[in-house]
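Trainee: I am new to this one, and I would like to walk through it with you. Could we look at it together and take it piece by piece?

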Amino acid sequence: MKKRNFTTLFIIIPVLLLSACGGSKKEEAPVKDYQICYEACPEAAYSAAEWLSADGRLDFPFVLEEPVPNASRDEMFARFYIPEEALKQAETKDLLQLVKRYPGSGLTAFYLYNEPSHYLDYVTQTFNAVDELYSRKDFAETLLQVYATEEMLPAQSFDDKEEQTAYDKERNAGANGIMLLETMLAQDAMFEELDDGQRRQVLEEVIAKDSVRENDDCYGRCSGFFAYIKELHDADGSKWYDYIAESEPKWTVYLDEYWENHSWP
């Protein structure tokens, strides 16, 4: 792994320019945080070649859990900026694996304690792999496939304190990554892309993982899927909520009664 010499730089604030035609303002999409951090500290970013392995697979070019001493916020997040060439070459499942592992960096934990939408928005703002995923036609189907293969690590006890700490940290990061996948699955856009059989599979997989949480106090969090459905339903409505209420009566307990004993996170 290459070493990076980090120096603190000021954030470059993008300025919206006035259109030359009649002096009217031209609307532009908001600049994401990952772009701002990259432009502030391009020397902290890795090249496309460093993100891609010899066989063309996408992976982190640095140790995800390894802290960066004396790095500014911009420098820390610029490391996660994936160049366009690597993004476009990456398989959808590899992008999802990176997004799922992203909480292992320790940069997202604070946002777990807000609403599920805040958690998802924060990751979307700081890691450009998420925006690339939303441009993929196979995103929803691949998201279901990846989520279905995920397993929560069981509780284990080690005599060595450092080994125990490392395992618990890995276990917690993995659980947070699964919650992130669940939050993505709960979106209306994912519901619309899946057929009825796939929707039922989503519910079966989500409920199976929720039962693991129920029997393991160490996780101590509710389902990211049902938490986000509740947030969406309470705000503007959720297609998943309506689907469960109308066609899956045996699972309606997860719509309202579930929240008698659960809270986010």
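Mentor: Happy to. Let us start with helix H6 (residues 116-126): nine of its 11 residues are buried, so H6 is largely enclosed by the rest of the structure. Buried means under 20% relative accessible area, exposed over 50%, and partly exposed in between, with a 1.4 Å probe and protein chains only. Helices (H or I, at least four residues) and strands (E, at least two) are DSSP runs, numbered from the N terminus. Keep in mind that this is a predicted model, where local features need pLDDT of at least 70 and side-chain atom pairs count only at pLDDT 80 or more, while totals for chains, interfaces and linings use all residues. Residues are numbered from 1 along each chain as its sequence is written, and side-chain values use heavy atoms, with hydrogens and water left out.

Trainee: Which elements cover the buried residues of H6?

Mentor: The buried residues of H6 include Tyr119, Leu120 and Tyr122. Contact here means heavy atoms within 4.5 Å. By that rule, the cover includes H1, H3, H7, H9 and H12.

Trainee: How many helices and strands does the protein have?

Mentor: Read along the sequence, the pattern is α-α-α-α-α-α-α-α-α-α-α-α-α. The count is 13 helices and zero strands.

Trainee: What percentage of the residues in the protein is buried?

Mentor: The accessible surface, from the Shrake-Rupley method with a 1.4 Å probe and with only the protein chains shown counting as cover for residues, comes to about 14200 Å², and 50% of that belongs to carbon and sulfur atoms. Among contacts with a separation of 6 or more, residues 24 or more positions apart account for 78%. Of the 265 residues, the buried share is 49%.

Trainee: Why do the buried residues of H13 line one face of the helix?

Mentor: In H13 (residues 239-247), the buried residues are Trp240, Tyr241, Tyr243 and Ile244. Seen down the axis of H13, with the arc taken from the directions from the helix axis to the C-beta atoms, they line one face because they fall within an arc of 165°.

Trainee: Which helices do the buried residues of H13 pack against, and which residue caps its N-terminal end?

Mentor: The packing partners are H9 (161-185), H10 (188-193), H11 (196-214) and H12 (224-235). At the N-terminal end of H13, a side-chain oxygen lies 3.3 Å from the backbone nitrogen of Trp240, and the capping residue is Ser238.

Trainee: Which residues touch the most other members of the largest nonpolar core?

Mentor: A nonpolar core is a set of buried Ala, Val, Leu, Ile, Met, Phe, Trp, Tyr and Cys residues joined through side-chain atoms within 4.5 Å. Leaving aside neighbours within four places in sequence, Ile82 is in contact with residues including Leu87, Leu98 and Asn128. Of the 67 residues in the largest core, those touching the most other members are Trp51, Leu58, Ile82, Phe127, Phe225, Phe226 and Trp240.

Trainee: Is Glu132 buried or exposed, and which side chains make polar contacts with the side chain of Glu132?

Mentor: Glu132 is found in H7 (residues 129-134), and its relative accessible area of 7% makes it buried. A polar contact is a pair of N or O atoms within 3.5 Å; within protein, one must be able to donate a hydrogen and the other to accept it, and residues adjacent in sequence count only if both atoms are side-chain atoms. The partners of the Glu132 side chain are those of Lys88, at 2.9 Å, and Arg136, at 2.8 Å.

Trainee: How many disulfides are there?

Mentor: A disulfide is a pair of cysteine sulfur atoms within 2.5 Å. Cys37 is in none, as the nearest cysteine sulfur, that of Cys41, is 7.4 Å away. Cys37 is buried at 2% relative accessibility. By the rule, the count is zero.

Trainee: Which residues does Arg73 touch, not counting residues up to four places away in sequence?

Mentor: Arg73 sits in H3 and is partly exposed, with a relative accessible area of 39%. The residues that Arg73 touches are Asp33, Cys37 and Thr126.

Trainee: What is the phi of Asn70 near?

Mentor: Asn70 lies in the loop between H2 (48-51) and H3 (73-78), and is exposed, with a relative accessible area of 72%. Most residues other than glycine have a negative phi. For Asn70 the value is positive, near 65°.
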